[in-house]
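Let's take a walk through a protein model together. Have the sequence and the 3D view open, and look up each residue as we get to it.

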Amino acid sequence: MSADEAERDGRRKRRRRSMLRIILEFLGSMRLAITLLVVLAVASVIGTVLQQNEPYADYRIEFGGFWFEVFRVLGLYNVYSASWFLAILVFLVVSTLVCVSRHIPSVWREMTRYRDHLRISSLTALRNHRRWQVDVSASAASSAISNVLTRAGYRQRTGDRGETRVTAAMKGRANRLGYVMTHLAIVIIGVGALIDANLGVKWRTHLGDLEVVTANRSMSQMPPDSRLPSGTSSFRGTVYIAEGQSAGGVFLPVRDGHVLQDLPFEIALQDFRISHYDSGQPKSFESDLVIRDEALDDPLKRTISVNDPLHYRGYAIYQADFNDGGSRLDMRLWPLSGPSDATIIEGRVGEQIEVTVNGTQRTIELIDFSLFNVRPERGGDGAPSNDPRDVDQRGEFRNVGPSFKYKLRQPSGEAREFHNYLTPLRLDGASYYLSGVRTSPGEPFRYLRIPADREGSPALFMALLDRLNQSAQVRNAAQETARQLLKQYQGEGAETLVKRVAGTAEGMIKRLRRGGFSAVEQHLASQFDSDAIDDQRRETLVRFSRTVLQRTLMQLYRDSLISERDVASAALKLAQRDRRFFADALEAISGLAAYEEPFWLQLKTFEHIQASGLQITRSPGKDIVYAGFGLLSGGVFVMFYVPHRRMWALVIPGSDSTEVVLAGVSNRHPGAFGGEFSAVAEALERELRAAANETNGGPGVDGNDA
Amino acid sequence: MATTHEAMLDRLQRRHWWQRLSASDLCWAVVVAAAAMVALVRYRAPMNGYDTAILVATSLALIALGWHWRAIRVFTPVVGGASLFAVMRYPDLAAAQTDFFLEYLLASQSAIMWMSALFPAATLAYGVGLVTRHEFSARVGTALTWTAVGAGLVGLLVRWWESYLHGPDIGHIPVSNLYEVFILFAVITGLIYLYYEAAYRTRALGVFVLTVISAAVGFLLWYHFQRGADTIEPLVPALQSYWMKIHVPANFIGYGAFAMAAMLGVAYLVRHRASDDGPVAARLPSLAQLDELMYKVIALGFAFFTVATILGSLWAAEAWGGYWSWDPKETWALIVWLNYAGWLHLRFTKGLRGRAMAWWAIIGLGVTTFAFLGVNIFLSGLHSYGEL
Ligand code: HEM
């Protein structure tokens, strides 16, 4: 290598080294640290303002196509697992590590060096200093200093600088250690957290060799490309196990779907229990688990509950949620739209049943069953959430018994969701079957109130509806009504008039069935809206039409009652509650127009099977994080509450007296240190005075303050 | 309250810390230890290991606190005695309506109402004292603050007993919902203030700090009367954990300290605007003192908030399956923490002082309040202690 080349090489190396130094300087700089703290805080805020980990379809509805895409690319739906967020964390950890490593040498120096080289001028420049002229020997003064400082808890080192005897002392060295502890703790916590951030799965989904399944699949239906073998990786996932069933894996949420993580053991659920306080609020959620593992001679039985998980082979199994595990439901199908007999159907929650009622085809999807419905007494539809971790369940409660949810899907794919209760609910003094309906999951249910008859059954209402659906019945009732109303018109043409009036009644009932009372009213308003009719006459006609409709409906109701009670027409007496029933029934019939489904399902009997929602985690980084926590707690207190203090004492022998200088500093709380310093100074002065008294029996100390 | 100067003088006479304990220090330790022993022996059956550990640790902390802060040696027995007296007269809930002492003083609702009246009264007294420079009025402020803090603490302790009167399975420590922690906030902030009032020998800051406590009391009253939040509810499963007993109080030392720091920031700004020889400067501590006190309080808050967040994380690991879930409450705790870490850094490494830091402390209270209240109101999560 020529000299020239060597020089060039050296320059390159130097440049590289200085490049490295610049990078390190940048990484360890306070400016970067503060910036990262702020950026991390802002990013965290975004994550709390925007609901995280919702189904992507919901976001699309909320933000519209364009913004949905923008936010998706930015990773805002899963901020805390977005790569840029993790990058900030990594940066913070690296920056802190660089910062600590750079400071360690100076911290070490601070902790071990006594700084005994300070000149008298720099000591007297300190805020806390005192000097005295004393009539004692230098060695007596030194031993007084040593005494006082030792009692004050200072470690010291003494040396001679020429004639001068220098004592340098310090206390609270651990303070500097506090800085190292806290910052190292940040690094350690960061490392542990990154171990637990499941980077492997992120990397594999990024590469595309892990398929994220977005549809609801059972464990056995998961494709092999979506499975992770049990091993060393960290994860946090959930699995629902029905009573009597078991699972050997757990679903991990990834973006808008999930993958399956295999477990090295089987978890079986024997029983899941919810217990309640007297007031109805949930008191505990418990699962009886059985772990079957080849490594175990006998299966392991354990009951877990919220706040009391099972730790097994590095896996932690928590009670996190519950739902239905496939309860068996027997339902009665009541047709709403045409004459037909009620039929019994049977199914399990989670199943789909094809039915055709009066030529209309529907798929019944049984979604959910709940044994208890603890509803707040005060207002609100308040279906309480299933999440036992939910802290927000207060107020007065009432258990209104079992209910179930189903969807009716049309062949076109459109579906509505229904929520029906097993028993009638007492509301405002009467009993009703509540039937909630909604068209999208985000909406609240709108409840239809189907009045229950004396036996507490919907049969009477259904009988009335059945009559309304049969045109022959309606025609009879309408004609009967018209005849009664038109009694005064005897003779010629009367029958034609009756037929015409009855015809309008039938028309109105059709409208009622299709659009409710509002449709009827609309029709009446438009029908008589002609210039040929004056206001008064119009009023009369509308009122007459309403009367015809009301009486026809009443006639149909009476017919239903007659056949239900098996009495003669003349013997039928309507009690107050029968009238109330009639009013409620009309309300319900009008409401049915918006129901738009060919049938209603009444729950008859059930067999309740629950599923327990278990959250299963494996966090190998946890112990590292906990070690960091310990270091952080200790370090913070040391840093704040053990100030690092230094004192110096100089003993300068003179011709006829000795000069003593005392000075001190603290890196925390200058105010408080002032008190400590003056106390030490006073004690020293006392000690010096005593020494002076001993040597020559006279006052021999002249002090002066700073 | 022993100043550092006196402590140091004391220390210079005796070498070991136990030699420095006076007879009354020892007495205090014996009294607390005896009380703890009585509790341990009498209630051995219903207490589990965690309860015992918490009782022992609390007693040790109380002994240390009493050594460090003399006033505690009077305050604790008075509060303890009043609470025990209340409990003795309280065989069932009906007694709250028939017993004179309970109805007017010691039943939790009465005590809390006393607290709610006394804090604003103390604020007023401190304010009058500051404006008129009547030392007497300010001393009345101190007395009222002590009484208010005592009333609040008695209220909480008696409420704890009352929860057991509702039913053995309903009983729990009253730090389980927003209503209860607001009382805790008022009590702890009051105590932190009283400590520094004695340490710094100034009553001039009372009106500032007590204003924020009075605001909390205002909220408490609204929450009580408008929302009926004062009813004792059974604990939902998520909160049935011994962690709650330590996590929540530790958190509120942090919140209380941050609230006080913000009000010191206000005092700092007021003092800063005033001319050095004007009436305001004569009444308030110096800027340097305010600055140092602000640092001390933030350091105290930061230390306890760090521990509280860590405790919360350990609890989350147990209850929710992970030590960190990025739940909104957790995340906001982190934001609060990062905020004050930033504050401390700028002060320590850049030596930043003065108005900017005072403003930052005030804004910090905004961030803290959002973490404490805003998250419950605006964000959903596993932590919502009850909506407003
Ligand atoms: C999440 C990250 C960090 C946290 C939570 C944190 C926290 C703290 C705290 C609480 C203090 C104490 C202030 C005081 O003594 O009162 C402190 C001091 C300090 N920090 Fe950090 N820090 C972090 C990152 C960093 C980084 C990246 C650097 C490097 C630039 C750094 C450098 C320092 C220095 C030099 C001190 C002063 C130490 C002393 O003089 O005692 N910190 N830090």
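First, some ground rules. This is a predicted model, so local features need pLDDT of at least 70 and side-chain atom pairs count only at pLDDT 80 or more, while totals for chains, interfaces and linings use all residues. Residues are numbered from 1 along each chain as its sequence is written, chains are lettered from A and ligands numbered from 1 in the order in which they are written, and side-chain values use heavy atoms, with hydrogens and water left out.

Let's begin at the iron atom of the ligand. Its protein donors are A:His183 (NE2) and B:His345 (NE2), lying 1.8 Å from it. This pair crosses between chains: A:His183 sits in helix H7 (residues 174–195) of chain A, and B:His345 in helix H14 (residues 328–349) of chain B. Donors here are N, O and S atoms within 2.8 Å of the metal (3.2 Å for Na, K and Ca), and sites may look incomplete because water is not among the atoms. Helices (H or I, at least four residues) and strands (E, at least two) are DSSP runs, numbered from the N terminus.

Why is the arrangement around the iron called octahedral? The six donor atoms subtend angles of 86 to 179°. Six donors count as octahedral if opposite donors are over 155 degrees apart and all others between 65 and 115. For comparison, the ideal angles for six octahedral donors are 90 or 180 degrees.

A:His183 counts as buried because its relative accessibility is 13%. Buried means under 20% relative accessible area, exposed over 50%, and partly exposed in between (1.4 Å probe, protein chains only).

Now find helix H10 (residues 471–485) of chain A. Among the buried residues of H10(A) are A:Val474, A:Ala478 and A:Leu485. The buried residues pack against helix H9 (459–469), helix H11 (494–527) and helix H12 (535–565) of chain A, where contact means heavy atoms within 4.5 Å.

Next comes strand E24 (residues 610–618) of chain A, where nine of its nine residues are buried. In a regular strand the side chains alternate between the two faces of the sheet. Both faces of E24(A) are covered, with A:Leu614 among the buried residues on one side and A:Gln615 among those on the other. Strand E5 (residues 235–242) of chain A pairs with E24(A) in the antiparallel sense over eight bridges, and A:Gly237 has A:Ile616 as its bridge partner. Strand E11 (residues 315–324) of chain A also runs antiparallel to E24(A), joined by eight bridges, with A:Ala316 opposite A:Thr617. Strands pair if DSSP finds at least two bridges between them.

Over in chain B, B:Val181 lies in helix H9 (residues 178–200). B:Val181 is buried, with a relative accessible area of 5%, and touches B:Val175, B:Val248, B:Phe252 and B:Phe372, not counting residues up to four places away in sequence.

Most residues other than glycine have a negative phi. Yet A:Asp428 has a positive phi of about 50°, and so does B:Arg201, with phi near 50°. A:Asp428 lies between strand E20 (425–427) and strand E21 (430–438) of chain A and is exposed at 59%. B:Arg201 is in the loop between H9 and helix H10 (206–227) of chain B, and is exposed at 62%.

Note on methods
Tetrahedral: all angles 85-135°; square planar, octahedral: opposite > 155°, others 65-115°.
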